[in-house]
Amino acid sequence: MQQLLSPFTSYPSTLFLLNSHSFPPKRQFCLRDSLSSYTPPKMASFSGFIAKSQREMTAASGDTRGFSTLMEYAGKGGLDVGDEMLVLLYHIQYACKRIAALVASPFNCALGKHSGLTGVISGAGDSDRDKPKPLDIMANEIILSSLKSSGNVSVMASEEDDAPIWITDNGPFVVVLDPLDGSRNIDASIPTGTIFGIYKRLVELDHLPPEEKASLNSLQSGTRLVAAGYVLYSSATILCASFGSGTHAFTLDHLTGDFILTHPSIRIPPRGQIYSVNDARYFDWPEGLRQYIDTVRQGKGKYPKKYSARYICSLVADFHRTLLYGGIAMNPRNHLRLVYEANPLSFLVEQAGGKGSDGKSRILSIQPVKLHQRLPLFLGSLEDIEELESYRDIQQKVNPGYEV
C-alpha cells in the first residue's frame, strides 16, 4: 500500500487498454486488499516541523513539559482513564488514522468498482441518498477490525449495520458509531468525520442470548456514556474526545503519527453569532423555527447582533466549528440518529459547557427504543439553544423527501 503514496508508480486504468506484448501483465489493483495490511507511513509535514522546533525551544528554555500526545494525555500522567479504556482508545485512533488515509487517497473514487462491496450492508430505514457508500463500508470494516483487536469491546453498533455485532463476552465496553459521516460529499473534498460513543457493558444482561444482549447494551441512555468523540477529516485530521472531564481536541501530526493536544479543555462560548442549517428548507419549517431564524439574522434576538449562516452539510464539520466559535448547528427534521450521532455529540457539547436538544428535551435524557431511531437535533451554545427552545414550535414535521 505504501506504493499508493508514491508519485512515481503507475497503475492499470480501464481508460487505457493496451494490447501489446511489449509490456508484462500487471496484477489488478484492489484498494480494499491493499488497505487491509496498510500501516500509515510517517510523512514529513509542516505541523511536524513546527512541533519539533517548539520542542527544541522549550527544551532549551528549561521547560520540560513539551507537548502531550493523545495517549499521554489520557494516560496516567494526565486524565488517567484506566488501562482498558486506554487500550481501546489506542485502537480507535489507529483505525481513524487508516480512515484518514483512505479518505485522502486519490484512488478512493475507484473503490466502488474494485471492492465488490456495493450493496453488502444497508442500515435500517436508509433512503437512497443515505444508503451506505463503499467508503462507508470500508471505514466500518476498519473500525470493527480494530475493536476486535483491542480485546476490550463486547458490542459494536454501527450506523452501517442493521443490528449490533457481539464481539466477545469479556469486553468491558460497548461502542456505538457512525464510521464515516458525510461520505456522500467526499467526491467534492468536503470534510467528513467519524463519530463514536463508549458505554460500559451491562453485566446484568450477560445471561441473555448474544443477539438480545447486544441490542439492549446498544440502547443505553446517553446519560450512561463514559466517553465520546469524533474525528474530523479535513485540512487537518482532528480527534476530539471527552471522558467525562471536559472536551479536548488533538491534531494528527503526520511526521510522528501522533495526535497532539492542541485544544485542551474546550469551552464553547455561551453565545455565538452563527447558525448552521440548510435554510433552503425554510418553507418546510414550522412557524417557531422560521420566526427564530428571522429574528436572529436581523439582530433582534436576545443577542443584539446579526447572526450569519455557515452550513457545510457535514455534521462533524458543522459541529466542530460550532464547538469552537459558538452558535447553533441544527437539523430540525427527524433525520439524525440518536444512538450514533446525537448522543455522542451532545455528550461532547455538554462537557464543553453547551447543550444538545431535540427542540423540546435534553438529548442525553431520551431513552432510545430503536437502534436506528431518528430525531431533530440542535447542538450549540447554552444561551442560543435556550433562546431557540423558547420559540417552542421548532421541530420540522413536514418531510417531503429531499433528493439533495
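## Sheet, helices and selected residues

Five strands build an open sheet of mixed pairing, ordered 10-9-11-13-12. Two strands pair if DSSP finds at least two bridges between them. Strand 10 (308-309) and strand 12 (355-357) are the edge strands; each has a single partner, so one side of each has no neighbour in the sheet. Strand 11 and strand 13 (residues 374-380) run antiparallel and are joined by six bridges. Leu336 stands opposite Leu375 in strand 13. Helix 8 packs on this sheet, where it touches strand 9 and strand 11; its direction makes about 165° with that of strand 11.

This is a predicted model: local features need pLDDT of at least 70, side-chain atom pairs count only at pLDDT 80 or more, and totals for chains, interfaces and linings use all residues. Residues are numbered from 1 along each chain as its sequence is written, and side-chain values use heavy atoms, with hydrogens and water left out.

**Whole chain**

The protein chain holds 11 helices and 13 strands. Both are DSSP runs numbered from the N terminus: helices are H or I with at least four residues, strands are E with at least two. Of its 404 residues, 52% count as buried. Buried means under 20% relative accessible area, exposed over 50%, and partly exposed in between (1.4 Å probe, protein chains only). The chain exposes about 19100 Å², and carbon and sulfur atoms supply 53% of that area. Accessible areas come from the Shrake-Rupley method with a 1.4 Å probe; for residues, only the protein chains shown count as cover. Among contacts with a separation of 6 or more, 67% join residues 24 or more positions apart. Contact means heavy atoms within 4.5 Å.

Helix 8 covers residues 287-297; its buried residues are Gly288, Leu289, Tyr292, Ile293, Thr295 and Val296. They span an arc of only 165° around the axis, which puts them on the same side of helix 8. The arc is that of the directions from the helix axis to the C-beta atoms. An α-helix has 3.6 residues a turn, so residues three or four places apart point the same way. The buried residues of helix 8 pack against strand 9 (274-276), strand 11 (328-337) and helix 11 (382-389). Gly299 follows helix 8 and has a positive phi, near 75°.

The axes of helix 8 and helix 11 come within 10 Å and cross at roughly 130°. That makes helix 8 oblique to helix 11. Angles under 35 degrees count as roughly parallel, over 145 as roughly antiparallel, 65 to 115 as roughly perpendicular, and the rest as oblique. Axes are lines fitted to C-alpha atoms, for helices over the stretch in contact; angles run from 0 to 180 degrees between N-to-C directions. In this pair, Leu289, Tyr292 and Val296 of helix 8 meet Asp384, Glu387 and Leu388 of helix 11.

Helix 10 (residues 338-351) lies across strand 11, strand 12 and strand 13, and runs at about 20° to strand 13.

**Selected residues**

Lys213 sits in helix 7 (residues 210-218). Leaving aside neighbours within four places in sequence, Lys213 contacts Trp166, Asp169, Leu205, Asp206 and Leu208. Its C-alpha atom is 9.0 Å from that of Val155, 58 residues apart along the chain.

Ser265 lies in the loop between strand 8 (258-263) and strand 9. Its phi is positive, about 45°, although Ser265 is not a glycine. Arg392 is in the segment after helix 11. Arg392, also a residue other than glycine, has a positive phi near 65°.

| Residue | Relative accessible area | Class |
|---|---|---|
| Lys213 | 6% | buried |
| Ser265 | 43% | partly exposed |
| Arg392 | 69% | exposed |
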